[in-house]
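Subject: Structure handover

Hello,

My notes on cavities, disulfides and rings follow below it.

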Amino acid sequence: MESSANRVVSLENRCGESKSPYVRSHMDNPTAWQLWTPETLELARQTNRLLFVSIGYSACHWCHVMAHESFDDPRIAQLLNEHFIPIKIDREERPDIDRQYMDFLQATSGGGGWPLNVFVTPELEPIFGGTYWPGPKSERARMGGANFEQILQKVALAWKEQEERVRESGKNVIEQLREFAQEGSLGGRAGGKVSDGEQESLELDLLEESYQFYKGRFDSVYGGFGSAPKFPTPAHLKHLLRLGSYCPEVREVVGEDECETAHNMVMKTLEAMAKGGIKDQIGHGFARYSVTRDWSVPHFEKMLYDNAQLLPVYLDAYLATKSPLLLDAAHDIAAYMTTAPMISDLGGIHAAEDADSLATAIDHHKREGAYYVWTTDEFTQVLTEQEAKICAKYWNVKPQGNVDKRADIQGELVGQNTLCVKYDIPDLAREVGMSEEDVKGLLQEGRQKLLAYREENRPRPALDDKIVTSWNGMAIGGLARAGASLQTPSYISAAEKAVGCIRNNLFDEDSGTLRRVYREGPGETPGFADDYAFLISGLIDLYEATFDSKWLEFADRLQNTQVKLFWDDQKHAFFSTSANQPDILIRSKDGMDNAEPSTNGVSANNLFRLGSLLNDEEYEKMAKQTVGAFEVEIGQHPGLFSGMMPSVVSAKIGVKGVMVVGDNEAANAAIKKFNDSVTPNHTILRVGGGANSDWLRKRNELLKDLDGSQPMLQLCEGGVCKLLEGKDVESLF
């Protein structure tokens, strides 16, 4: 086989052809980036060159560092252009490619992250990869270890002199990855296929085992799990918080003391985050994660998917405690997602804001966190003497800065302060000898002045203005629930507009299919299983907030498409990609929760909820099959499957559906109780009382004879409904 050294090809940078802000940000690199297209992959085969695939996203700080240190370096660009086909990919547009090569990196190195850089054969088999590698002139390169230039030289030489050996290594890796990707294919009986009627439910004690996993990792000092870097992990917080809201049968298995401890762990974590630097104390929203154990120094990028998941967790926590701090946090997140710059003119919600920005409009070098950190000089410049004194104490602002240099490896935060709440207001009032109301007033005035100064004098971090279907689905669900529970119609309106944006711009009415991303028009990438799952979940939440069955009708249609494109008829559950995806080597199933909830966990819960709302036995059967497909993995590592736990409960004891008919005091009390409660494994529907229920009454056989004129409450389980009295409302949820 002819070596790549004998093939000559002239490449030009094609990043300007992409709609992705992340990919476009590399259009001026001397590196001749190509796009992941059939033409590029064919070029690699024709020229027999290795692909250098670099995957990142717009808000990724270390992606920007590597771009500056390496991809802008003429020598690095020369090596990439002469020996490889360099490809730049936005992971948010192609999570399937990212997952494929991230699995490789994690399996071979034990770690992962972004930028994700991997060398790939023309047959797309990975042979070597890593995350950030220092550029040849960077300070980190001078500290020792291999830098990116050396890695490029070694890989190019290996391909030139030992191509067959490298190819064999790639083939072996793919075989191992196929075994690694067997998640969701090991469950069930009869050779992996669960025949009708044989489904055995997983045991409820898995919930207690998952609780023990997180109890063992809980940071009792600062909240959260593990040490630094520390992530919010909303999927796990949601699971732990809801343990105490299940029916007595579940709580008895988990243990009442364990449920209380789980509740306390979540509250400590959420309160610490709400007071920490990970929350934008001046504006709105939460950053991606904290680089410190105590939540004080964030990695400053803000992602829609983090905030969209945190909203319902903070809402649940508020409903369980009525804590003003948690209520403020819920409103804060909702405000972040429904105001500029996150909200788009189309009604969809943008993807992310960068970590890095210019400190002033005349600066030329972006710094991480420049938009969010403060000096004492700025406090005294912007605030009155009294405001500066109170605000500095409250947010722990110090003359020398409050960032430990160990948390600032690039030295960009020297003398700066992240804002972290260090006092409860009564304690601060006592210390400074003022009334609580006066302290609150000074803090509010100070916050408004600092926000105005920030907006006027600091360039805002770059916005990734993609509209991602799956992330919008999560936001739709959180906003719908928050709008109903907190009696804030504007949140529901924002959720409805986001659905309209997706339906008008990313949904094909003829085929019933979704696309993944909108930016300057619909993207080419079709929707993945998570796009369907998260949007269906959001639509169900929106129905339960409005009782407009058009949202359920849309959810039902999307559910049918998800089954058609992604369902595994043999071993059940949903593949992440469709069967006709041409550029994927491994078709995997997503069951474990990571930065985003697992696709199959959300899908199983959707099927149970739709089965209850629509009285659809087939959906319920598929829900049980989805859980059963992961029974081996869940049994081995229950702590990694938080998103699957509600469906473990549903498969064991069923879903309870509340049917509200007509309009009277009991009906309104039941709806209010539902909105004011944390309600795992319950659904609620309404006929009459102003609800748009025409489609639902046709779809659900139990409702076809109801016109809503005769008020009543019913509790439905397993297709059987019983009448409830008004006095039963208090014990419903």
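A disulfide here is a pair of cysteine sulfur atoms within 2.5 Å. The model is predicted, so local features need pLDDT of at least 70 and side-chain atom pairs count only at pLDDT 80 or more, while totals for chains, interfaces and linings use all residues. Residues are numbered from 1 along each chain as its sequence is written, and side-chain values use heavy atoms, with hydrogens and water left out.

**Disulfides**

The search of the whole structure gives 2 disulfides. In sequence order, the bonded cysteines pair 1-2, 3-4.

C60 bonds to C63, with the sulfur atoms 2.3 Å apart. That link is right-handed, at 80° about the S-S bond. Both C60 and C63 are buried (under 20% relative accessible area; exposed is over 50%, partly exposed in between, with a 1.4 Å probe and protein chains only).

C716 bonds to C721, S to S 2.0 Å. This link is also right-handed, with 105° about the S-S bond. C716 has a relative accessible area of 13%, so it counts as buried. C721 is at 25%, so it is partly exposed.

C391 is buried at 0% relative accessible area. C420 is buried too, at 5%.

**Cavities**

A cavity is a set of points on a 1 Å grid, over the protein atoms alone, where a 1.4 Å probe fits but cannot get out; lining residues have an atom within 4 Å of a point. Grid points are joined across faces, edges and corners, and a volume is the space filled by probe spheres set on the points.

There are 2 cavities of 30 Å³ or more in the whole structure. Several helices (DSSP runs of H or I, at least four residues, numbered from the N terminus) each supply at least two lining residues, among them α10 (234-242), α21 (529-546) and α23 (599-614). The largest share, 8 residues, comes from α19. By class, this lining has 18 nonpolar, 19 polar and 7 charged residues. Ala, Val, Leu, Ile, Met, Phe, Trp, Tyr, Cys and Pro count as nonpolar, Asp, Glu, Lys and Arg as charged, and the others, Gly among them, as polar.

The second largest cavity is about 150 Å³. Its lining has 15 residues, with G277, K279, D280, Q281 and Y372 nearest its centre. They divide into 8 nonpolar, 3 polar and 4 charged.

**Rings**

Rings of Phe, Tyr and Trp (its six-membered ring) pair if their centres lie within 6.5 Å; planes under 30 degrees apart are stacked, over 60 edge-to-face, the rest tilted. The search finds 30 aromatic pairs. W62 and Y132 form a tilted one, 5.1 Å centre to centre with 50° between the planes. F119 and F128 are stacked, at 6.3 Å and 25°. F119 is buried at 0% relative accessibility, whereas F128 is partly exposed at 36%. Ring pairs also link W33, F52, F71, F84, F119, F128, W133 and F148 into a cluster.

A charge sits over a ring if NZ of Lys or CZ of Arg is within 6 Å of the ring centre and within 35 degrees of the ring normal. R503 has its charged end over the ring of F554, 4.1 Å from the centre.

Best wishes

Notes:
On a 1 Å grid over the protein atoms alone, a cavity is a set of points where a 1.4 Å probe fits but cannot get out, and a pocket is an open set with protein on both sides within 12 Å along at least five of seven lines; lining residues have an atom within 4 Å of a point.
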